[in-house]
Amino acid sequence: MSAVPSPTFGTLLKQLRKRAGMTQRDLAAALGYSDSLISALEKAQRKLDVETVRIHVIPALGLQNDHAMAARLLECAAVARGERPPAPLPMAKFPSAGSAPTHSASVRRVSALPVELIGRTTLVNQLSNRLLGHGGRLLTLVGPPGVGKTTLALAVATQMQHHYTDGALFLPLATVNDAPMMAATLMATIAPSDASNKPPERRLIELLRHQHLLLLLDNLEQIEGAPSLIATLLAECPGVTILATSRERLHLRAEQRCQVPPLELRAAVELFIQRAQAVDGDFQISDETHATIAAICIRLDCLPLALELCAAQIELFAPAHLLNQLQRRSLDLLTDGAHDLPPQHRTLRHAIERSYALLLPEERTLFRYLGVFVGEFDFEAADMVANWRQQAHTQSLQSSLHALINKSLVRTETQTSDLSPTGLRRFRLLETIREFAREQLVACGEDEVVCERHALYFHQRVEQSKQALIGSEATQWLNQLDRDHDNLRAALHWLIEHDSRVAQAMVGALGDFWYRRGHFEEGRRWAKAVLAANHTHSRERAAALFTGSRLAFTVDDHTEAFAMIQESLAIYRQLSDQEGIATVLHDAGWIAYQMGQYTEAHRIFDENVIACRRLGDPQKLAHALNSAAMSYVLDGVAEQYALARSYFEENLQIAQSLDWQEGVAYGWQGLATLEQKLGNYRQTITHFEAALTIFRVLGFRRNEALCLYNISQAARLDQQWQKAEATAQAALHLYQQLQVPWGIMVALLELGMIARGQGNLVQAEVSHYQSLKLAHEQKDQKTLAVNLASLSRVRLEQDQPHEAAQILAVAQQIFDSLPAFMPPGDRETFAQLRIELGSHLGEQQFAMAWQQGEQIGIEEIVRSILETGKSA
């Protein structure tokens, strides 16, 4: 076995701690260590000996039954100390959930659950083992309303009660408010006929001091003084173990905590179906219904109580109607729970109201304000939207937010990637809890002012990101915008209704993000919405038009792209905005190029280079140089290749001096395209792969797909068939994900040519038919012609030379009307094909077939081929 690096023990310890739902403090309490020692162990700053890990750490983590993981932890502990990994050792004879002593029938017992517990088997076993392996004898299950703390605790108690001589006792405490009442309630349950005049707490300790008992104390969050009473019980009654449920931890040294998570999606769907079928025995599941139920579960955050209450409505509503209702007002639907549940579990609203009522006034205020956030947010966003420092509060924002986290109303996102570019931790409210918070916000008349602060803050964040996206932190900011996307949508919704000009500015600023992350259609919808809301000529409108044009162009809607870019350019010219003009000219050139207006495109690109040099913006100049050069190369204007190379190299030099990775990638992409035109295919692949690496890091998915397509083409021309096919398939998959018709079309074309080159004529035909259909629909003459030429070769291979000559004649008609856009290898292949056909048919027959093809024409040939493909 290869040596394991010393940090591995700390990393694995941290993973297992989190898997067990424990904080560093929980594990420290379980082991009798300090929090700082646990932190040092996880950072590989301190080490434990193998015996300590085996005897103490493994039981504390509940790994008694997970022998493989326990052995892995022991191995890592040994290697971290530079010792030989131990041979497989028998596990220390800890009591585990699977081995139970026998007791008399007179001991107390917790009743079995009335229904099957779904999706919690692993967690029940982990918690059972943690109870046995922990010296503090207190395990608190914490979590938001409806997550299933009580049910989980009952399942653990049912499994564990046989390990306690005096059994287990379940005490629901939802109606208890203070420690004396709690002690009295415990006394009334444990010894209902006790007539002692002693204070309930003292008498309770006397009764429990010599008992070996598991106490399940349910719903402690509202009981003032509960932690003190529990600490006394644990100190005075050494045989008592307490399993508690609460919406916040008890903050006792002996306490270990488990943050109860929502169900995993698969278990949530299973729970919903089971409960729905219990209500309606005829309820059937189809693929469509299953997908709808999954959407319902996601909308309800996979909370067991919410799922059970929703499934109970299946007699009245079909799943699709339920989902529709949930998307509007879910809390109104989640009522009428089973009558054998406690009152606080019969409606989700009641469960959340109960938590809300227990908050301090300032905590309630912050909770309402946080209801405006959709999805995740960070501390800076909470600070700005709550406007906390501008109001008279006795409690800091940090303290109030921490209280909401402790009370399970706000969740802390724990992944490393959950940090914003500023290093801030991310938070969120479960959707059902957020809905309640938003209701309270409206009820208190605070909705408008908080929504305005929310919208303006996220507009400010987007404007800030616009500059950051051109620097070294671009990827971090793109990730940040991805995480903020739901809040950006909410901000745009509000701004369209209340400040359409700011909404247009925000859409203008979001264009790069939508483009780079592939949100093309969504961005187009927002652009149209903000443009329809305000027709006044302004920089904001011009910016929104530019975003709309760019996204329309990306999905090959050239007509809409052209109309928008022309209006945007006209506004910028009217305002004498030289920076805006330079920005828009760049995209206007590409739109003209794709619409077949090649001369006009070259004129626009040349104007753009001049405008950018005059503006003195090196980044815009690099863009302009790259695009002007690319247009010459793509058109095969050989006399401009030297100028194109100098432009590409100047672009690359500028981008590298600015540490602008996007520009560097475009420079390599441009040089790769030039090498391809010159027939240097291996150099082409090298340059495109350099660009691909950068685009992947930046998350530019469309550019990634384009590089893959071009690598495939160069690999095919170099007869690297395996590489060609793999990259073409990858490009097709990515273009399909992004829903880019042009990309799908050219990737299919490439797959057809690869299949033909390898002699797989059937697959070649299928791919060419699909690509040809798209090219015909999109009126893409270049792709149409190449498909026809390649199909001509297929027909010759199928011994149909006459039809092959007709098809090639039509392809040649199109080639003659276009610039020399093909790589030399393809030009030579199709020129050689014409010679072969002439040789095969003879000069006279070939001339006749060629003439017939020209007479039949493009439309008829294409229609005939597509009909053949349809019947095949």
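## Helix 24 and its surroundings

Helix 24 (residues 520–533) comprises 14 residues and extends 20 Å from its first C-alpha to its last, close to the 20 Å expected at 1.5 Å a residue (the expected span is 1.5 Å times one less than the number of residues). Helices (H or I, at least four residues) and strands (E, at least two) are DSSP runs, numbered from the N terminus. The model is predicted: local features need pLDDT of at least 70, side-chain atom pairs count only at pLDDT 80 or more, and totals for chains, interfaces and linings use all residues. Residues are numbered from 1 along each chain as its sequence is written, and side-chain values use heavy atoms, with hydrogens and water left out.

The buried residues of helix 24 are F520, E522, G523, R524, W526, A527, V530 and L531 (buried means under 20% relative accessible area, exposed over 50%, partly exposed in between, with a 1.4 Å probe and protein chains only). These buried residues pack against helix 22 (485–498), helix 23, helix 25, helix 26 (558–574), helix 33 (701–717) and helix 34 (721–738).

## Packing of helices 23 and 25

Helix 23 (residues 500–516) and helix 25 (residues 539–554) pack at an angle of about 35°, and their axes lie 7 Å apart. Axes are lines fitted to C-alpha atoms, for helices over the stretch in contact, and angles run from 0 to 180 degrees between N-to-C directions. On the side of helix 23, the contact (heavy atoms within 4.5 Å) involves R501, Q504, A505, V507, G508, G511, D512, W514 and Y515. Helix 25 contributes E540, R541, A543, A544, T547, R550, L551 and T554.

## The loop residue L263

L263 lies in the loop between strand 5 (255–259) and helix 11 (265–279). L263 counts as buried because its relative accessibility is 6%. Residues up to four places away in sequence aside, L263 touches I118, G119, R120, A268, L271, C302, P304 and L307. L263 and L303 are 40 residues apart in sequence, yet 6.5 Å apart in space, C-alpha to C-alpha.

## Overall architecture

The secondary structure of the protein consists of 41 helices and eight strands. Its C-alpha trace spans about 120 × 65 × 60 Å along the principal axes. Of the 872 residues in the protein, 56% are buried.

Among contacts between residues at least 6 apart in sequence, 71% join residues at least 24 apart.
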